[in-house]
Amino acid sequence: MSGILVITEQSGGAWHKMSFETLAAGQQLGRDLGLPVRACVFGKSSPSADLAAYQLDGVIALEHDLLEQYTADGATNALAGLIRDLEPDYVLLPHTYQVRDFGPKLATRFERVLLSDVIAFKVDGQSVVFERQLFQGKLNASYASAAGAPVFVSLQAGAYRAEALVAGSAPVETRNPLLEASKIRQKPEAPFRESARAVDLSAAEFIVAVGRGIKEEGNVPLVQELAEALGAELAASRPICDSGWLPMERQVGSSGQTVAPKVYLAVGISGAIQHLVGMKGSKCIVAINKDSAAPIFEVADYGIVGDLFEVVPALTDAVKKARS
C-alpha cells in the first residue's frame, strides 16, 4: 500500500485548526501525484467522523486508553505501527508544538528526518520539491524528496488554507494499536504554551496591525478605533511591542505569533522580512503606508499610499457609517 498519510491533531475532541490546513495540503499533493490520501487521528476516542466529511480514501482512528493524554512515546509507538502497515510515500503533519515534540522521533524510527515548517511544494512528474524558509525568512530553500519512503513533512501554519478542502465522504476505520504502559516512559504533562496570552491572534479572522509609522504611543488609539470598528484584533510589529506601546502577546512576526486571518490590515508597517514571515499566510493583505516603495506593498493585495493619520480616521468613519 502507498499514498499519502495526513496525521491530524486533536485534544479532548477539540481539533487543532492546523489539522485541516495540513489535510488541504494532503489533498493537493494527492491530486498532483495521483496518489490516495488517508487521514489519521489518535486518542482514547476521536472525532473521526469530522474527517470523514472530506474527500479522502479513508480515515483511520487510532484509539487506546494510553492515548487519552498525549505523550511522545505513546504517539510515536501508535503511529509507527500504522505507518509500517500502510507504507505511505509521504507523511504530512501540522507544524504544532506537539508535532515538534514527537515528529523527529517518529521519523527517526524509519531512519528518516522530519522536513519541518514547510511553506510550499512543487510537483514535477513524480518528483516533489519542498520549500522552507531559513534565517527568519531571509532565504527560501528547496529540498527534493530523498529516495525511499516514507518522506516526513510538517506544514507551517497558514501555508495552506482549510477553506480549500474538498468535501466528500470517506470510510472510517478504527484500530486499536498494541501499546504497553511499560514502553511509555513519560508522564503526561499540560500542553505546551509559549506564554500566557490574553489573545490568540492565530485564531483571529480579522487583524489590524500597527507599525512604526504610528510615531508615538499616544497615536495607537487611532488604529485601535479602526480595529474596533471592523471587529478585528489589534496587533503590532516588533518595534511597537519592544517599546511597550502594546503587550508582547500582540506581536506578529518571526519572534511573535504567526497568523493567517481572512483580512490583515497593516498600518504604518514597512514590511521587514521578520514581520512578513508571521503574516504572509493571510488570505487578503491590505497595506497603508506613505512610502510607495515599502516592502509591504510587494505582498499586499490592496495598497493605499498615503498618510495614515489622514487615511485611518477616514476609513474608520466609513466603516462606522457602513455598519450603522
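This is a predicted model: local features need pLDDT of at least 70, side-chain atom pairs count only at pLDDT 80 or more; totals for chains, interfaces and linings use all residues.

Biologist: Is Thr96 buried or exposed?

Modeller: Thr96 sits in the loop between strand E6 and helix H4. Buried means under 20% relative accessible area. Thr96 has 4%, so it counts as buried.

Biologist: Which residue has a side chain joined to that of Thr96 by a polar contact?

Modeller: Leaving out residues up to four places away in sequence, Thr96 touches Glu9, His16 and Met18. The polar contact between side chains is 2.5 Å, and the partner is Glu9.

Biologist: How many residues apart in sequence are the parts that Arg175 and Asp85 tie together?

Modeller: Arg175 and Asp85 form a salt bridge, with the closest N and O atoms 2.4 Å apart. Arg175 lies in strand E11 and Asp85 in helix H3, so the pair links parts whose separation in sequence is 90 residues.

Biologist: And which helices does the salt bridge between Glu225 and Lys320 tie together?

Modeller: Those two side chains meet at 2.5 Å, N to O. Glu225 is partly exposed at 35%, and Lys320 is partly exposed at 39%. Given where the two residues lie, the pair ties together helices H5 and H9.

Biologist: Take Glu233 and Arg250: which one is buried?

Modeller: They form a salt bridge, the closest N and O atoms being 3.2 Å apart. Glu233 has a relative accessible area of 28%, so it is partly exposed. At 19%, the buried one is Arg250.

Methods:
Residues are numbered from 1 along each chain as its sequence is written. Side-chain values use heavy atoms; hydrogens and water are left out. Helices (H or I, at least four residues) and strands (E, at least two) are DSSP runs, numbered from the N terminus. Buried means under 20% relative accessible area, exposed over 50%, partly exposed in between (1.4 Å probe, protein chains only). A polar contact is a pair of N or O atoms within 3.5 Å; within protein, one must be able to donate a hydrogen and the other to accept it, and residues adjacent in sequence count only if both atoms are side-chain atoms. Contact means heavy atoms within 4.5 Å. A salt bridge is a side-chain nitrogen of Lys or Arg within 4 Å of a carboxyl oxygen of Asp or Glu.
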